[in-house]
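Good morning. I have one model to go through today, and I will take it feature by feature. Please have the sequence and the structure open.

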Amino acid sequence: MPAEQVDYTPAPLDRDATFYVAGHRGLVGSAIWRLLEKEGFTNLVGRTSRDLDLKNRDQVFAFFEETKPKYVVLAAAKVGGILANDTYPVDFLSENMQIQVNVLDAAVKAGVDRLLFLGSSCIYPKLAPQPIKEEYMLTGHLEPTNDAYAIAKIAGILQVQAVRRQYGLPWISAMPTNLYGPGDNFSPEGSHVLPALIRRYDEAAKTGAATVTNWGTGTPRREFLHVDDMAAACLHLLEHYDGPEQVNVGTGTDVTIKEIADTIAKVTGFTGTTEWDTSKPDGTPQKLLDVTKLTNAGWTAQISLEDGMRSTVDWYHQHADTLRT
Ligand SMILES: NC(=O)C1=CN([C@@H]2O[C@H](COP(=O)(O)OP(=O)(O)OC[C@H]3O[C@@H](n4cnc5c(N)ncnc54)[C@H](OP(=O)(O)O)[C@@H]3O)[C@@H](O)[C@H]2O)C=CC1
Ligand SMILES: C[C@H]1O[C@H](OP(=O)(O)OP(=O)(O)OC[C@H]2O[C@@H](n3cnc4c(=O)[nH]c(N)nc43)[C@H](O)[C@@H]2O)[C@@H](O)[C@@H](O)C1=O
């Protein structure tokens with residue numbers, strides 16, 4: 001993109017200003033909300049999708065007009081694991097485009113000072129060199145199981161860059177790796193791998209099942225970041241980073257799906273055997289983010305995969321009766 005208009009030096013956010021967390025009941029939004037409360041933000045605003053459907057443009061503009069937020073994190077989206085993305089590409093493209101365009105347009109009209117857009121590591125080419133640098137966006141073909149979702153996310157990044165250029169607003173984008181933690185979606189068909197495996201192995205351990213069957217070959221590599229780390233990274237970027245380029249958010253290390261399955265089997269006490277259903281997709285063979293830009297901005301992940309997984313299994317046990325579907 002040509003030269004932009006932004007003239008802004010990152011600074012601590014005003015704890016008393018109105019801060020809208022879009023998607024505040026989701027995995028990421030709820031973690032951001034918890035962190036902001038802990039950090040002393042006094043004027044947090046959130047709406048459920050039932051109270052404010054972000055696909056409804058009129059409702060979104062009326063909401064921004066009414067609440068006039070100074071800060072926004074856009075963590076509301078249609079989100080799901082590999083099978084959901086592959087099965088419902090229209091929903092992942094269309095709903096995410098509508099949500100983003102409405103929120104970003106309304107935020108321009110309301111003159112929102114600082115906005116953080118959340119994308120995903122799936123915006124990068126399927127066979128990108130590893131670890132994946134931010135500059136690799138739009139340099140190759142996408143992974144077909146989630147290309148519709150990825151295109152929506154790429155459009156969101158470009159819209160943020162365009163707002164910087166056309167309106168001079170210092171908005172930014174972050175690209176999280178695969179996330180997990182309390183509040184995750186544990187639905188067997190729609191979820192991401194980590195909550196799916198926690199549920200599957202836990203139920204198998206409880207029923208004494210002899211085998212567990214996971215999807216794909218187990219050979220793909222994924223990088224997992226605890227959602228409390230993700231929330232901390234978001235606030236850190238809002239207070240310390242400004243620039244048109246999206247920032248990768250991850251740990252810098254990855255594991256195979258087989259390794260993660262073995263660890264979850266151990267943590268849940270499953271002693272049977274694991275089989276692999278290769279009729280289900282593997283997706284991208286490896287998705288490891290280069291986190292140099294984030295590290296240079298002064299932030300690194302704090303929660304180890306082992307600690308994060310154990311606490312997530314504990315959370316799952318405590319909330320097994322009230323999980324969202
Ligand atoms: N989870 C992951 O592994 C990753 C997530 N991300 C990104 O992080 C962001 C948050 O994801 P995550 O927290 O996991 O997702 P969740 O599914 O946990 O939460 C998404 C939230 O979005 C809200 N939402 C969805 N549709 C609408 C709508 N039409 N109107 C209003 N609100 C809506 C939902 O609100 P309600 O509960 O009220 O219905 C929900 O709480 C997304 O942008 C996602 O792409 C990126 C990489 C990895
Ligand atoms: C965050 C990211 O999430 C998705 O991409 P993904 O990284 O492929 O995520 P996933 O967690 O669904 O799968 C990771 C790996 O794990 C394997 N796997 C085994 N058994 C199960 C299983 O039971 N469930 C799931 N979901 N996967 C399983 C699965 O076959 C794959 O090899 C996209 O939505 C994408 O758009 C996106 O942004």
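In which loop does Pro131 lie? Pro131 is in the loop between strand 4 and helix 5. Helices here are DSSP runs of H or I with at least four residues, strands are DSSP runs of E with at least two, and both are numbered from the N terminus. The peptide bond that joins Gln130 and Pro131 is cis, with omega about -10°.

Before going on, the conventions. This is a predicted model, in which local features need pLDDT of at least 70 and side-chain atom pairs count only at pLDDT 80 or more, while totals for chains, interfaces and linings use all residues. Residues are numbered from 1 along each chain as its sequence is written, and chains are lettered from A and ligands numbered from 1 in the order in which they are written.

Leu138 has a positive phi, near 65°, and is a residue other than glycine. Is Leu138 buried or exposed? Leu138 counts as exposed, because it has 12 C-beta neighbours inside 10 Å. The scale is this: a residue is buried if 20 or more other C-beta atoms lie within 10 Å of its own, exposed if 12 or fewer, and partly exposed in between, with C-beta atoms placed from the backbone.

Lys68 is another non-glycine residue with positive phi, about 45°. Lys68 sits in the loop between helix 2 (57-67) and strand 3. With 14 other C-beta atoms within 10 Å, Lys68 is partly exposed.

Six strands make an open sheet in the order 2-1-3-4-5-10, and the pairing is parallel. Its edge strands are strand 2 (44-45) and strand 10 (247-249), each of which pairs on one side only. Pairing requires that DSSP finds at least two bridges between the two strands. Strand 1 (residues 19-22) pairs with strand 2 in the parallel sense over two bridges, and Tyr20 has Val45 in strand 2 as its bridge partner.

Further along the sheet order, strand 3 (residues 71-74) runs parallel to strand 4, joined by four bridges. Tyr71 has its bridge partner in strand 4, namely Arg114. On to strand 5 (residues 172-176), which is parallel to strand 4 and joined to it by three bridges. There, Leu118 has Ala174 of strand 5 as bridge partner. The chain goes from strand 4 through helix 5 to strand 5, a right-handed β-α-β crossover. Right-handed means that, with the strands pointing away from the viewer, the path from the first strand over the helix to the second runs clockwise.

Why is strand 4 described as largely enclosed by the rest of the structure? Because five of the five residues of strand 4 (residues 114-118) are buried. Both faces are covered, with Arg114, Leu116 and Leu118 buried on one side and Leu115 and Phe117 buried on the other.

There is also an open sheet of three strands, in the order 11-8-13, with mixed pairing. Strand 11 (255-256) and strand 13 (286-287) are its edge strands, each pairing on one side only. Strand 8 (residues 221-222) and strand 13 are parallel, paired over two bridges. Arg221 stands opposite Gln286 of strand 13.

Next, one annotated residue. An unreviewed UniProt entry carries the annotation "active site" at Tyr149. UniProt positions are in the numbering used here, feature names are shortened, and annotations may be inferred rather than shown by experiment. Tyr149 is in helix 5 (residues 147-167). Tyr149 is buried, with 29 other C-beta atoms within 10 Å. Leaving out residues up to four places away in sequence, Tyr149 touches Asn85, Phe92, Leu93, Asn96 and Cys122. Contact here means C-beta atoms, placed from the backbone, within 7 Å.

Last, ligand 1. A residue is near a molecule if its C-beta atom, placed from the backbone, lies within 6 Å of it. Of the 25 residues around ligand 1, those that come nearest are Gly23, Gly26, Val28, Thr48 and Ser49. Which element gives the most to the shell around ligand 1? Helix 1 does, with three residues.

Note on methods
Contact = placed C-beta atoms within 7 Å.
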